[in-house]
Amino acid sequence: MNASTKPVGQNAGTDTLVPLLHTTPGFASDGRNCPIREVLDRVGDTWSILVIINLQEQPVRFNALKRSIEGISQRMLTVTLRSLERDGLVRRTVRPTTPPEVEYGLTELGQSIAVPIGALGSWAAANRDQMRGAREAFDQAS
């Protein structure tokens, strides 16, 4: 164990070492924000991860994307796509047809975010029941 890790677990012999997050590069400020804050501002909203998930396999046209994300409005999908495009995660392609055909796909950077999102999803699936139980116990004690 070093100053940038801490043990987690019940027994000293079976402890797993996890990083102390504030000691990792993702949490170091550049004077404005730390990297994790900038990324969470983008993918931590209600719609961005759903858009990324729906674009991962192949580029999709706007209306097909809107149909695949239950509850998203046309305006919110437009705002989300523009933000993801601005951050370099989504590419907008316009085909010169009449009317113009527009489709959206993930860039290489957008594809690469699937790894940490997948890890978070795996953690969520493994720990959801424990979190629900803790929430219920807390609510009953309050």
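In what order do the three strands of the open sheet come? Let's start there. The order is S3-S5-S4, and the pairing is antiparallel. Before I go on, please keep in mind that this is a predicted model.

So, who sits where in that sheet? Strand S3, residues 60-61, and strand S4, residues 90-95, are the edge strands. Each has a single partner strand, so one side of each has no neighbour in the sheet.

Okay, stepping back to the whole chain. We have six helices and five strands. Going along the sequence, the pattern reads β-β-α-α-β-α-α-β-β-α-α. There are 142 residues in the protein chain, and 22% of them count as buried. The chain exposes about 10,500 Å², with carbon and sulfur atoms supplying 53% of that. And if you take the contacts with a separation of 6 or more, 31% of them come from residues 24 or more positions apart.

Helix H2 lies across S3, S4 and S5, and runs at about 100° to S5. H2 is also in contact with H4. In general, you describe two packed helices by the angle between their axes and the distance between the axes. For H2, residues 48-55, and H4, residues 74-86, the axes come within 10 Å and cross at roughly 75°. That makes H2 roughly perpendicular to H4.

Which residues meet there? On the H2 side you have Ser48, Val51, Ile52 and Leu55, and on the H4 side Leu77, Thr80, Leu81 and Leu84. Sorted by class, that contact has six nonpolar residues, two polar ones and no charged ones.

Let me finish by zooming in on Leu77, which is in helix H4. Is Leu77 buried or exposed? Leu77 is buried, because its relative accessible area is 0%, and the cut-off for buried is under 20%. Who does Leu77 touch? Apart from neighbours within four places in sequence, Leu77 is in contact with Val51, Phe62, Leu65, Lys66 and Ile72. Take Val51 from that list: Leu77 and Val51 are 26 residues apart along the chain, and their C-alpha atoms are separated by 8.3 Å.

That's my tour, thanks.

Note on methods. Residues are numbered from 1 along each chain as its sequence is written. This is a predicted model: local features need pLDDT of at least 70, side-chain atom pairs count only at pLDDT 80 or more; totals for chains, interfaces and linings use all residues. Side-chain values use heavy atoms; hydrogens and water are left out. Axes are lines fitted to C-alpha atoms, for helices over the stretch in contact, and angles run from 0 to 180 degrees between N-to-C directions. Helices (H or I, at least four residues) and strands (E, at least two) are DSSP runs, numbered from the N terminus. Angles under 35 degrees count as roughly parallel, over 145 as roughly antiparallel, 65 to 115 as roughly perpendicular and the rest as oblique. Contact means heavy atoms within 4.5 Å. Ala, Val, Leu, Ile, Met, Phe, Trp, Tyr, Cys and Pro count as nonpolar, Asp, Glu, Lys and Arg as charged, and the others, Gly among them, as polar. Two strands pair if DSSP finds at least two bridges between them. Buried means under 20% relative accessible area, exposed over 50%, partly exposed in between (1.4 Å probe, protein chains only). Accessible areas come from the Shrake-Rupley method with a 1.4 Å probe; for residues, only the protein chains shown count as cover.
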